[in-house]
Amino acid sequence: LFDYLRKSYSGGFVVSLSGGADSAAVSVLVKLMVDLAVNDLGEEGFRKKLGHIPLAGKPVMEELLSCVYQSTRNSSETTRKAAETVAGAIGASYQEWDVDSLVAGYRTMVEEGIGRDLTWEDDDVTLQNIQARVRAPGVWMLTNIRNALLLSTSNRSEAAVGYATMDGDTAGGLSPISGIDKAFLRQWLRWMETTGAMPEIAPIPELSVINVQAPTAELRPSEEKQTDESDLMPYPILDAIEKHAIRDKKLPAEVWELMVETHPEYDREVLCAWV
């Protein structure tokens, strides 16, 4: 992050902060970037390395990281409060936008174009994706205004099975967690909450507001109680299947046999469907 910031002459970073694990992890990485660099270079040396950014005045994190929580009617107070808490804990600039009217506008426009109403029964993925995509243009505008780098928040586990929105959570100029699996990411956030990165860098106990949640995209109506793992499968299972299939190059039938052997707590047919 520090190298990209300097070699691109960018003015900082922007994150669409959802109140979930992925965007929280990306934001915390920016905080760690600052802490590690200041520890290594000193405050004056850090500011000198970023001489193209006028850092005088506001605190460094407020200058370097801008976070935006973008709500729709399916967003919850839990994730809103989590986003606000994390941004405050790491000292980032923070805003809240309501983008529900933009979602409704696109929905009406397309319904008129195709001559029928969109429904959750027939158009589930479409209605989920438009909410994620509508969040991209505004946050790109803020990124341009700040001459910054928009950080993508999509992780490897979800990208591997297509549980990501093109031009939604995949939007950005740099993708810090694209190679990190979700199970590890959640473990890392718990570690950052309780232990911290190193003796010189304190833990961030406020991350408990992220770690107590079941990951959810919050793109379906709230009464459906959507979670990532109910949409997909338990993340440790997903990661194990991915390793067998991609790293070890096993055929689907071989992966299934290994999963049956190592995870007898799950029904064989359920494991087959997941593979």
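This briefing describes the sheet, a pair of packed helices and several individual residues of the structure above. The model is a predicted one. Its four-stranded open sheet has the strand order β3-β2-β1-β4, with parallel pairing.

- Strands of a sheet pair through backbone hydrogen bonds, and the pairing is either parallel or antiparallel.
- In this structure four strands are arranged as β3-β2-β1-β4 in an open sheet, and they pair in the parallel sense.
- The edge positions are taken by β3 and β4, each of which has a single partner strand, so one side of each has no neighbour in the sheet.

**Strands β2 and β3**

- Strand β2 covers residues 65-71 and strand β3 covers residues 93-98; the two pair in the parallel sense over six bridges.
- Within this pairing, V68 stands opposite Q95 in β3.

**Packing of α11 against α12**

- Two packed helices are described by the angle between their axes and the distance between those axes.
- For α11 and α12 the angle is about 135°, and the axes are 10 Å apart. This angle makes α11 oblique to α12.
- The crossing of α11 and α12 is right-handed.
- On the α11 side the contact involves I237, A240, I241, H244 and A245, which meet V255, L258 and M259 of α12.

**Two residues with positive phi**

- Most residues other than glycine have a negative phi.
- N147 is not a glycine, yet its phi is positive, at about 50°. The residue is placed in the loop between α6 (124-145) and β4 (149-150).
- N147 has a relative accessibility of 48% and therefore counts as partly exposed.
- K249, likewise a residue other than glycine, has a positive phi near 60°. Its place is the loop between α11 (235-247) and α12 (252-262).
- K249 has a relative accessible area of 68%, so this residue is exposed.

- Q213 lies in a loop, between α9 (208-211) and α10 (228-231).
- The relative accessibility of Q213 is 14%; because the limit for a buried residue is under 20%, Q213 counts as buried.
- When neighbours within four places in sequence are left aside, Q213 is in contact with G19, T78, T79, A82 and R186.
- K182 belongs to helix α8, which spans residues 182-194.
- With a relative accessible area of 2%, K182 is buried.
- Residues up to four places away in sequence not being counted, K182 touches A21, D22, N155, S157, E158, P215, D228, Y235 and D239.
- K182 and Y4 are 178 residues apart along the chain, and their C-alpha atoms are separated by 24 Å.

Definitions and conventions: Residues are numbered from 1 along each chain as its sequence is written. This is a predicted model: local features need pLDDT of at least 70, side-chain atom pairs count only at pLDDT 80 or more; totals for chains, interfaces and linings use all residues. Side-chain values use heavy atoms; hydrogens and water are left out. Buried means under 20% relative accessible area, exposed over 50%, partly exposed in between (1.4 Å probe, protein chains only). Contact means heavy atoms within 4.5 Å. Two strands pair if DSSP finds at least two bridges between them. Axes are lines fitted to C-alpha atoms, for helices over the stretch in contact, and angles run from 0 to 180 degrees between N-to-C directions. Angles under 35 degrees count as roughly parallel, over 145 as roughly antiparallel, 65 to 115 as roughly perpendicular and the rest as oblique. A crossing is left-handed if the near helix is turned anticlockwise from the far one by less than a right angle, and right-handed if clockwise.
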